[in-house]
Amino acid sequence: MHHSPKTAPECPFTKRFPSALNKDDKYFMELAYNQAIEAWKQNEVPIGAVVEFQGEIVGAAHNQVESNNDPTAHAEMLAITQASSAIKNWRLNEATLYVTKEPCPMCSGATMMSRLKRVVYAIPDPKMGGLGGLYDVNSYPSINHSLEVEIGVLKEECLQLIQAFFQLKRAHNKGSI
């Protein structure tokens with residue numbers, strides 16, 4: 001039986017410190033990127049998410065699937081839950097979710113159920129994406145809510161982060177057998 005080590009490979013990436021003077025898509029995605037680095041340090045798949053509402057962060061999270069032993073503990077799910085709690089409303093009509101990788105089908109469903117206004121993601125996911133990659137929950141005409149979706153903000157940085165994690169993790173695991 002293959003048992004993965006509890007420690008993460010050393011993270012060669014550093015957090016970003018965007019200027020709050022220009023709170024644009026890149027600014028919020030850089031904060032999601034910082035969450036992804038936190039995930040790496042906890043030996044989680046490095047995906048981060050933040051929810052912006054009226055120019056403020058009301059949710060910020062990273063993957064916690066391993067640490068919580070919970071397959072639903074994706075960055076997006078946790079950030080959406082925090083945001084709903086912060087604004088005391090499950091309807092996030094005026095909020096935007098920023099996430100470093102395209103949401104999976106579960107998380108894409110949650111973006112619809114929470115009535116988010118926008119979802120901005122860095123990297124498309126052709127294998128598991130639910131907002132255009134594998135399929136698009138946003139395209140079903142029977143759903144009474146439609147998201148604005150923006151793709152590719154900070155794409156290179158987020159892609160390098162996740163690719164490096166898996167490359168280093170494979171090397172790390174080989175060395176520990």
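Predicted model: local features only at pLDDT ≥ 70, side-chain atom pairs only at ≥ 80, totals over all residues.

**Entry 1: a strand pair.** I began with β3 (residues 95-101) and β4 (residues 118-123), which run parallel and are joined by five bridges.

**Entry 2: the whole sheet.** Next I asked in what order the strands of the sheet lie. I read off β2-β1-β3-β4-β5, five strands in an open sheet with mixed pairing. At the edges I found β2 (56-62) and β5 (148-151), each pairing on one side only. From one strand to the next, the twist averages 15 degrees.

**Entry 3: helices on the sheet.** I then checked which strands helix α3 (residues 75-87) lies across. They are β1 (48-53), β2 and β3, and α3 runs at about 150 degrees to β2. Helix α5 (residues 155-175) lies across β3 and β4, at about 60 degrees to β4.

**Entry 4: α1 against α5.** The axes of α1 (residues 25-41) and α5 come within 11 Å and cross at roughly 5 degrees. Angles under 35 degrees count as roughly parallel, so α1 is roughly parallel to α5. On the α1 side I listed Tyr33, Ala36, Ile37 and Trp40; they meet Glu157, Cys158, Leu161, Ala164, Phe165 and Leu168 in α5. Sorted by class, this contact has nine nonpolar residues, no polar ones and one charged.

**Entry 5: the core.** How many residues does the largest nonpolar core have? I noted 44, and the residues with the most contacts inside this core are Phe13, Met29 and Leu116. Elements giving two or more residues to the core are α1, β1, β2, α3, β3, α4 (105-113), β4 and α5. The largest share, eight residues, comes from α1.

I stayed with Phe13 for a moment. Beyond its neighbours within four places in sequence, Phe13 is in contact with Tyr33, Ile37, Trp40, Gln160, Leu161 and Ala164. Of these, Tyr33, Ile37 and Trp40 turned up in my α1 list, and Leu161 and Ala164 in my α5 list.

**Entry 6: a serine in α4.** Last, I looked up Ser108, which sits in helix α4. Is Ser108 buried or exposed? Its relative accessible area is 0%, so I wrote down buried. Not counting residues up to four places away in sequence, Ser108 touches Pro103, Gly130, Leu131 and Val137.

Conventions: Residues numbered from 1 in each chain as written. Heavy atoms only, no water. Pairing = 2+ DSSP bridges. Helix = DSSP H or I, 4+ residues; strand = E, 2+ residues; numbered from the N terminus. Axes fitted to C-alpha atoms, helices over the stretch in contact; angles between N-to-C directions. Contact = heavy atoms within 4.5 Å. Parallel < 35°, antiparallel > 145°, perpendicular 65-115°, else oblique. Nonpolar A, V, L, I, M, F, W, Y, C, P; charged D, E, K, R; others polar. Core = buried A, V, L, I, M, F, W, Y, C linked by side-chain atoms within 4.5 Å. Buried < 20%, exposed > 50% of the residue type's maximum accessible area, 1.4 Å probe, protein only.
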